[in-house]
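Hello,

Here is the structure for you to look over. My notes follow below it.

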Amino acid sequence: MASSCSFLLLAALLALVSWQATSSDPSPLQDFCVADMHSPVRVNGFVCKNPMDVNADDFFKAAALDKPRVTNKVGSNVTLINVMQIAGLNTLGISIARIDYAPLGQNPPHTHPRATEILTVLEGTLYVGFVTSNLPAPNRNKFLSKVLNKGDVFVFPVGLIHFQFNPNPHQPAIAIAALSSQNPGAITIANAVFGSDPAISDDVLAKAFQVEKNTIDWLQAQFWENNHN
């Protein structure tokens with residue numbers, strides 16, 4: 001009898017869990033959710049503006065993505081168009097970026113914690129790559145790379161460290177990237193590790209990188225410039 005009751009209880013629990021899993025609707029329940037940047041309400045993203053107050057400018061930005069950008073000391077400039085620039089991108093899960101590379105410039109190793117990136121080269125040549133998360137030996141972190149020419153496309157999976165480098169010492173390069181989030185985020189590895197505020201303890205970093213503390217102190221004293229606009 002006890003065994004039968006336990007079975008019925010388990011069956012009821014599984015049915016309840018199954019119903020909860022299938023009764024949700026992961027698709028959008030409205031046409032759009034234009035971000036209300038002035039709302040005091042804090043949610044995971046932005047609350048919706050009243051749809052009666054929405055107009056075409058909520059989905060538009062004169063971004064001049066056809067114009068070249070001035071690059072910084074690492075030789076790149078990322079012009080990102082996300083929900084902060086176009087409020088209509090809220091909840092739509094997409095953004096776009098133009099990336100300019102000086103000769104021998106790079107978009108240094110970084111990660112997007114909330115987005116997969118697909119990149120296409122418009123001008124020039126790029127050497128690109130990403131590193132996997134921890135794997136069993138011998139390939140504990142496998143490095144995958146490719147040389148891209150004009151018109152080529154490459155994908156960087158969500159959350160993985162990746163980079164792009166222009167190997168041409170004479171000609172700039174240009175790429176366009178689409179990202180699978182309206183707010184993909186960017187963590188530039190060197191900036192985050194050596195340029196955090198407040199600084200990470202040099203004892204911690206010296207141990208992690210297996211170098212002398214004065215090496216860490218020198219790195220932390222550098223100006224870690226952001227190449228994202």
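A salt bridge here is a side-chain nitrogen of Lys or Arg within 4 Å of a carboxyl oxygen of Asp or Glu. Please keep in mind that this is a predicted model. By that rule, the count comes to six salt bridges.

Aspartate 203 pairs with lysine 213, with the closest N and O atoms 3.0 Å apart. Aspartate 203 sits in helix H3 and lysine 213 in helix H4, 10 residues apart. Lysine 213 also meets aspartate 202 in a salt bridge, at 3.9 Å from N to O. Shared partners join Asp202, Asp203 and Lys213 into one network.

Another salt bridge joins glutamate 123 and lysine 150 (3.5 Å, N to O). Glutamate 123 is in strand S4 and lysine 150 in the loop between strands S6 and S7, so the pair ties together parts 27 residues apart in sequence.

The largest nonpolar core has 19 residues. Tyr101, Leu119 and Leu126 have the most contacts inside it. Strand S9 gives the most to this core, with four residues. Leucine 119 has contacts beyond its sequence neighbours that include Ile99, Phe154 and Ala177. Apart from this core lies another, of nine residues, among them Ala35 and Val83.

Last, histidine 112. It lies in the loop between strands S3 and S4. Histidine 112 is buried, at 6% relative accessible area. Its contacts beyond sequence neighbours include Glu117, His162 and Pro184.

Best wishes

Key. Residues are numbered from 1 along each chain as its sequence is written. This is a predicted model: local features need pLDDT of at least 70, side-chain atom pairs count only at pLDDT 80 or more; totals for chains, interfaces and linings use all residues. Side-chain values use heavy atoms; hydrogens and water are left out. Helices (H or I, at least four residues) and strands (E, at least two) are DSSP runs, numbered from the N terminus. Buried means under 20% relative accessible area, exposed over 50%, partly exposed in between (1.4 Å probe, protein chains only). Contact means heavy atoms within 4.5 Å. A nonpolar core is a set of buried Ala, Val, Leu, Ile, Met, Phe, Trp, Tyr and Cys residues joined through side-chain atoms within 4.5 Å. Lists of a residue's contacts leave out its neighbours within four places in sequence.
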